[in-house]
Amino acid sequence: MEVSFASEIESLRLGQGEVFHGEGILAITKALLQSGVAYVGGYQGAPVSHLMDVLVQAKGLMAELGVHVEACSNEASAGAMLGASIHYPIRGAVTWKSIVGTNVAADALSNLCSPGVKGGVLIVVGEDYGEGASVIQERTHAYALKSGTLLLDPRPDLAQMVNMVEHGFAMSEASNMPAIMELRIRACHVRGSFEARDNRAPAISTKALMDDPAGFDYGRLAHAPALFQHEKLKYEERIPAARRYIVEHGLNELRPGKRDGLGLIVQGGLYNTLVRALQQFGLADAFGELDVPTLVLNVTSPLVPDQIAGFCQGKEAVLVLEEGQPEYIEQEIATLLRRRDIQTPLAGKDVLPMGGEYTVEVMAAGLAKWLAKVAPQLDTQPVQDWLAGNQQRRSNAAKALPEPLPMRPPGFCIGCPERPVFSAIKLAQQTVGPVHISADIGCHSFGTFEPFNTGHTILGFGMSLASRAGVSPHMNRRVLAIMGDGGFWHNGIVTGVQAALFNGDDAVLLIFKNGYTSATGTQDIISTPDEDAKFNAEDKGRSLVHTNQTIENALQGLGVKWMRVVHSYEVSKMRDTLEDALTSDFKGLKVIVAEGECQLERQRRLKPWIANLLKKGERVVRVKYGVDEDVCNGDHACIRLSACPTLTLKDNPDPLKVDPVATVIDGCVGCGLCGENAHAATLCPSFYRSEVIQNPKWHERLLHSVRGAIVRALQPA
């Protein structure tokens, strides 16, 4: 796991009246337990990876309450879990990263929303949008509208977030609609406190089993002709029931203000940012009290027409603050106002950006434009000056530099076993020529950055082999597809391997077998190595991963005839294997398994082990690499071939030479890639390998003393 929540998990046991202190994602877990959830599952992904980490690490507490925890193989399987709530009055919650995760689960969601649910259903999605996003800039809102789910967007306050989890389950049951709660990155990690309540053991659970299954009911299946009735139920019963619940329980918050002629309608998740932006105008204080009446939409779908109309009626102007595009909320509000012949001027995307994250500066700029039109008596010049000053400071900073700063894209961790494979790919292409490479989602997607620049397309987690299917038949040279072991199990084995074998495609697939779903925090998968497997300080992550061969067995079982397993750090062998796969006479799917354990996981286990050995006074040998500055010719091909952060430049110690020399700085984990590359690419022999011995034996100390004496004797006086 990326983070241990061993101490934080104890806060999940807090009872009635006790105060919870912590971050948002842990508060959501506590809210699930207070709501009587019976089963939980999901698939990891930013910014909700920690939710799955917490659930898995809290299995002991879950078991006490009878809550079933399922680590799902992908978002589709997580969505399918919720089918338990179609027939039975049991509450279920799942989580994943959106929008990509929601795309994967779309099939299950559609078939869940059509018949509706009896037990409450809550889907916690990480709305990965804006400046901190790592995926496509799209929104979950579209799924809520087209499938008929409740969409919760709680104000980023722990008490409100917990409240909305509990109401989400209740509203789901009242309306028979699944509920989606979207949490932005900042909401997931916001810290605060709330008054806890007792955890509720579900009435039906792993400790209180059902005796008989539900009776057969064709109306609970998403099949014709039942689905035509389902559609009527959505707009005749379910959505009206949800709207009644929203009003009766005050889920959307009306914040009064003294400027009654104006109004703001804002998504709950943007409320904190709005308060900060209004402070720049003197229209809000540090405690969140606003001068402009504001309707905070903690439920963004469905909207309540009477509530919207009542808020807008009689106002001189209303501004909708809705992040992202299309402007679903603004369009819906405009439609319902005009249908009721309410002519209140409505603004939104005409003064605010269509796309991008709504930061304080972005909101303030939009508010300044709007207020200049609707409240010209308000002095917005100080805010205009503040915005202009910010821009001027950025411009001055840029001008102060002799040239723009170089981009610093993300890259592989030090010692990552995937870096040497990309070195081998570059070397292989020197022989076979340029190759079309279908890349994938995962740590290996860092190979698309310099100096590797490897990958033409990324179309989905585990979809690289499938995405090359349209290229291969039209290319003289074979196409290479890359995916990780996480992507292989998530989707690749079905959408890629099975399809390639069925169609008899002449394809090449490279699978990174690092042992984990690493990019999301190194969560375990079915091919994760046995924790009890033996390792040593110099195995470079090799022997540990090789103890689990489920990927190889699965490929053989599917009928893969050409397969090679190569340790990632053996650059020469990997290069030769790639060349063989790309030029072999064998027609069909060729698979290369690049085996090397995730370096982060290896170091997390290795460092405590070494520390324990040192504490016992035992001998420990660490490998370090360096560059002989007298031999280095300043070509720097080694750096262009590896991009290791610890392999960098320093001034040449020779005053007669201008070019800087390569050097290995502190942080080197001794993976040996620099030497492997120098050998495979026939680079200069400037790299050397050294051993750092701690707690050496007596004869090693003696030998070191003798060597030192000889060296000193040979040196000139």
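1. Aromatic pairs. A search through the whole of this predicted model turns up 9 aromatic pairs. One of them joins Phe-412 and Phe-446, whose ring centres sit 6.0 Å apart with 85° between the planes, so this one counts as edge-to-face, the label for planes over 60 degrees apart. Phe-412 comes from the loop between helix 16 (381-400) and helix 17 (419-432), while Phe-446 comes from the loop between strand 15 (437-438) and helix 18 (464-467), so the pair ties together parts that are 34 residues apart in sequence.

2. If you're browsing for open space, have a look at the second largest pocket, with a volume of about 710 Å³. Its lining runs to 22 residues, and the ones nearest the centre are Met-407, Pro-409, Glu-450, Pro-451 and Ala-643. By class, that lining splits into 14 nonpolar, 4 polar and 4 charged residues. Which elements supply at least two residues each to this lining? Helix 24 (637-642) and strand 21 (647-650) do, and helix 24 gives the most, with 3 residues.

3. The largest cavity. Which residues lie nearest its centre? They are Cys-644, Thr-646, Cys-668, Cys-671 and Cys-674, out of a lining of 15 residues. The class breakdown for this lining is 9 nonpolar, 5 polar and 1 charged. When you read that nonpolar count, bear in mind that Cys is placed in the nonpolar class.

4. The second largest cavity. This one comes in at about 80 Å³. Here the lining is made up of 2 nonpolar, 3 polar and 5 charged residues.

5. The nonpolar cores. The largest nonpolar core has 51 residues, and Leu-122 and Leu-183 touch the most other members. What does Leu-122 contact once its neighbours within four places in sequence are left aside? The contacts are Leu-32, Gly-92, Ala-93, Val-94, Leu-152, Val-165, Phe-169, Ala-179 and Met-181. There is also a second, separate core of 32 residues, with Leu-274, Phe-281, Ala-317 and Leu-378 among them.

6. A histidine to look at. His-490 sits in helix 19, which spans residues 485-503. Why does His-490 count as buried? Its relative accessibility is 4%, and the cut-off for buried is under 20%. Leaving out residues up to four places away in sequence, His-490 touches Tyr-43, Ser-73, Asn-74, Glu-75, Val-104 and Phe-461.

Technical notes: Residues are numbered from 1 along each chain as its sequence is written. This is a predicted model: local features need pLDDT of at least 70, side-chain atom pairs count only at pLDDT 80 or more; totals for chains, interfaces and linings use all residues. Side-chain values use heavy atoms; hydrogens and water are left out. On a 1 Å grid over the protein atoms alone, a cavity is a set of points where a 1.4 Å probe fits but cannot get out, and a pocket is an open set with protein on both sides within 12 Å along at least five of seven lines; lining residues have an atom within 4 Å of a point. Grid points are joined across faces, edges and corners, and a volume is the space filled by probe spheres set on the points. A nonpolar core is a set of buried Ala, Val, Leu, Ile, Met, Phe, Trp, Tyr and Cys residues joined through side-chain atoms within 4.5 Å. Buried means under 20% relative accessible area, exposed over 50%, partly exposed in between (1.4 Å probe, protein chains only). Contact means heavy atoms within 4.5 Å. Helices (H or I, at least four residues) and strands (E, at least two) are DSSP runs, numbered from the N terminus. Rings of Phe, Tyr and Trp (its six-membered ring) pair if their centres lie within 6.5 Å; planes under 30 degrees apart count as stacked, over 60 as edge-to-face and the rest as tilted.
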